[in-house]
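User: I want to see how the labels on this structure follow from its computed values. Take me through them one by one.

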Amino acid sequence: MTDVLASKVASPKAVLSGVTADHTEGMSYLQTLPRRLVTLYLPLSLIVFVLLFPFYWMALTAIKPDEQLLDLERFNPFWTWTPTLKHIDKLLFGTHYPRWLMNTMLVAIAATILSIVASVLAAYAIVRLRYKGAQWVGVAIFLAYLIPPSILFIPLSTVVFQYGLFDTPFALILTYPTILIPFSTWLLMGYFKTIPFELEECALIDGASRYQILTKIVLPLAVPGLISAFIFCFTLCWNEFIYALTFISSTEHKTVPVAIVNEFVDGDIYRWGSLMAGALVGSLPLVVLYAFFVEHYVSAMTGAVKE
Amino acid sequence: MADLALKQAISPRSIPDVGAWDRLKVNHNWLALWFMLPAAAFLLLFLAYPLVLGVWLSFTDARIGRGGEFVGLENYEWLWDDSVFWLSVFNTLLYTGVATAFKFAIGLYLALLLNHNMPFKAMIRAVVLIPFIVPTVLSAIAFWWIFDSQFSIVSWSLRKLGLIATNIDFLGDTWNARWSVIFANIWRGVPFVAITLLAGLQTVSPSLYEAATIDGATPWQRFRYVTYPLLTPIIAVVMTFSVLFTFTDFQLIWVLTRGGPANATHLMATLGYQRAIGGGYLGEGSAIATAMIPFLLAAILISWFGLQRRKWQQGESND
């Protein structure tokens with residue numbers, strides 16, 4: 001529909017490594033070091049510091065002993081010489097935290113797989129089958145992407161109740177795809193468009209069915225796109241809050257974000273250590289995934305605005 | 001030999017009957033129906049239907065546990081006279097306006113900085129994106145601790161520097177709370193804006209800057225007349241998304257303030273949740289959610305037509 005932006009966005013690899021459009025050095029050699037220090041390194045390190053400080057603070061709080069947490073006068077708050085695993089130990093063995101992690105993982109993986117299967121089929125049909133009205137379906141899917149969960153959760157809660165899914169993992173597994181399918185269909189449509197049509201024509205002449213073309217030609221070529229869609233959907237699921245807050249009421253079915261907010265907030269003045277440990281452990285899976293697939297994340301993000 | 005082969009090829013037995021079923025199998029529309037079915041089922045059952053149902057609920061007096069009767073515009077009339085609702089509209093607009101403006105400015109600045117050549121470039125770019133990856137709720141909890149009224153590290157540092165005498169009550173005071181949640185939202189949104197704009201910046205050829213410099217352009221002119229026009233289409237899309245997600249934000253507010261103090265940070269989404277799920281008044285909550293739709297439509301239309309205009313100006317064909 002709008003390929004207008006396709007040429008306006010660099011490839012994810014280039015975004016990270018910084019190869020410029022025509023592979024020249026640009027004019028950076030004209031700048032002297034002191035000038036670069038003031039105009040580039042100083043503001044950049046300031047912004048990066050602000051962006052990363054909450055994570056440092058989260059991690060530090062998670063390993064600080066209780067007495068140092070609340071006594072800012074006797075101990076330097078920015079560092080601790082006596083790290084403790086007490087909070088993390090309490091988290092893993094004194095609460096339902098492992099259960100919540102498992103719930104989140106289960107819901108995220110199930111919803112992601114469902115969405116990817118549905119999106120692959122839909123994206124392929126829109127891009128390659130060119131059926132009647134395919135263009136309009138493409139526009140409709142883009143619009144669905146723009147409908148936010150916060151205007152849907154109230155009617156959706158009555159729907160979930162009617163279908164008898166309330167307070168089960170299925171309430172989340174079946175509703176998360178509505179957030180994920182529009183996004184991943186849109187992303188995969190972009191990938192499928194880049195696969196030469198001639199390959200499919202060859203396969204058609206050789207007598208392959210549409211299903212065979214999809215599984216043996218298109219999907220192997222679209223693996224980078226599939227990985228991008230998969231990890232991004234997984235991240236969105238892990239991040240989702242409002243549906244999980246509304247549709248799940250019992251402690252043992254909660255996901256990590258909801259459980260941390262609702263179950264850890266008691267009157268205990270020393271709760272900060274375990275709260276931060278919970279936030280840290282809940283973020284780690286995504287950060288590890290991100291570390292391995294940085295390029296795919298960037299490609300998913302730029303892909304989302306590209307098409 | 002050739003004769004023989006030809007004869008065999010045209011013998012009627014080798015051409016299979018083409019039945020209705022075979023025709024159907026290669027019919028694009030028929031095939032597409034099956035390919036679209038899973039996605040369509042999800043989107044119709046859990047997206048389109050609830051969307052319509054939400055608008056319908058806003059005209060009823062539904063409560064949790066019982067279906068409602070049609071009451072016409074009563075919910076909207078009730079909201080019209082409700083000062084808390086108008087406060088939430090004001091908060092939402094303030095939140096969206098200020099946060100989006102800052103996200104755009106800082107994001108663009110950060111993208112321009114990251115576009116320079118420097119050591120560890122790839123690593124710095126990857127690290128910048130981390131706030132976007134970590135679940136909002138979990139980073140919001142870190143902010144909750146940073147904004148604590150007694151043990152805030154920000155208050156402590158400022159006190160040690162001698163800039164303030166007493167701790168700042170970040171989340172307990174009306175305007176402090178508003179600025180605090182806006183700050184947390186900007187913090188969370190800047191990486192997305194920066195990295196997507198950086199992807200756009202990468203395609204701008206350095207030779208354009210060289211040409212502009214030779215023509216005597218100042219750095220500001222280079223930005224205003226080279227970078228900005230080339231970046232406009234992607235800015236339009238990124239900012240639409242940014243406005244959309246900021247306007248409908250829920251998580252951050254819910255974790256940090258739950259709408260308090262004295263409703264000072266209630267957004268329309270959090271107020272809708274509080275009325276519908278907390279209070280049980282589904283009809284009223286739906287009316288608040290439905291009231292968000294016109295704002296969202298306006299945001300989408302503005303960016304959409306902005307985008308179309310650009311396309312036409314740059315002489316690209318419509319596809």
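Analyst: Below, each label is set against its cut-off.

Analyst: This is a predicted model, in which local features need pLDDT of at least 70, side-chain atom pairs count only at pLDDT 80 or more, and totals for chains, interfaces and linings use all residues. Residues are numbered from 1 along each chain as its sequence is written, with chains lettered from A and ligands numbered from 1 in the order in which they are written.

User: How many helices and strands does chain A have, and what counts as one?

Analyst: Chain A has 16 helices and zero strands. Both are DSSP runs, numbered from the N terminus: helices are H or I with at least four residues, strands are E with at least two. Chain B has 15 helices and zero strands.

User: Why is A:F142 called partly exposed?

Analyst: A:F142 has 19 C-beta neighbours inside 10 Å. A residue is buried if 20 or more other C-beta atoms, placed from the backbone, lie within 10 Å of its own, exposed if 12 or fewer, and partly exposed in between. So A:F142 counts as partly exposed. A:F142 lies in helix 6 (residues 134–145) of chain A. Its C-alpha atom is separated by 22 Å from that of A:I154, twelve residues apart along the chain.

User: What makes B:A262 exposed?

Analyst: B:A262 has 11 other C-beta atoms within 10 Å, so it is exposed. B:A262 sits in the loop between helix 13 (251–256) and helix 14 (268–278) of chain B. Its phi is positive, about 50°, although B:A262 is not a glycine.

User: Is B:N263 exposed or partly exposed?

Analyst: B:N263 has 18 other C-beta atoms within 10 Å, so it is partly exposed. B:N263 is also in the loop between helix 13 and helix 14 of chain B. Phi of B:N263 is near 60°, a positive value in a residue other than glycine.

User: What share of each chain counts as buried?

Analyst: In chain A, buried residues make up 46% of the 307 residues. In chain B, 41% of the 319 residues count as buried.

User: How many residues are in the largest nonpolar core, and what makes it a core?

Analyst: The largest nonpolar core has 168 residues. A nonpolar core is a set of buried Ala, Val, Leu, Ile, Met, Phe, Trp, Tyr and Cys residues joined through C-beta atoms within 7 Å. A:Y124, B:I141, B:A194, B:I195, B:L197 and B:L256 touch the most other members.

User: Which residues is B:L256 in contact with, and what is a contact?

Analyst: Two residues are in contact if their C-beta atoms, placed from the backbone, lie within 7 Å. Leaving aside neighbours within four places in sequence, B:L256 is in contact with B:A140, B:F143, B:W144, B:L171, B:V181 and B:A184.

User: How many residues does the contact between the chains take?

Analyst: It takes 91 residues from chain A and 90 residues from chain B. On the side of chain A that touches chain B, helix 2 (residues 33–63) of chain A gives the most, with 13 residues. That side divides into 63 nonpolar, 22 polar and six charged residues. Ala, Val, Leu, Ile, Met, Phe, Trp, Tyr, Cys and Pro count as nonpolar, Asp, Glu, Lys and Arg as charged, and the others, Gly among them, as polar.

User: Why is helix 2 of chain A called roughly perpendicular to helix 8 of chain B?

Analyst: Helix 2 of chain A and helix 8 (residues 136–146) of chain B pack at an angle of about 80°, with their axes 9 Å apart. Axes are lines fitted to C-alpha atoms, for helices over the stretch in contact, and angles run from 0 to 180 degrees between N-to-C directions. Angles under 35 degrees count as roughly parallel, over 145 as roughly antiparallel, 65 to 115 as roughly perpendicular and the rest as oblique. Therefore helix 2 of chain A is roughly perpendicular to helix 8 of chain B.

User: Which residues meet there?

Analyst: A:P54, A:W57, A:M58 and A:T61 in helix 2 of chain A meet B:S139, B:A142, B:F143, B:W145 and B:I146 in helix 8 of chain B. By class, this contact has seven nonpolar, two polar and no charged residues.

User: Which domains does the assignment give chain A?

Analyst: It gives domain 1 (31–84) and domain 2 (92–306). The bounds come from an automatic or database domain assignment. The C-alpha centres of the two domains of chain A lie 33 Å apart. Their contact takes eight residues from domain 1 of chain A and eight residues from domain 2 of chain A.
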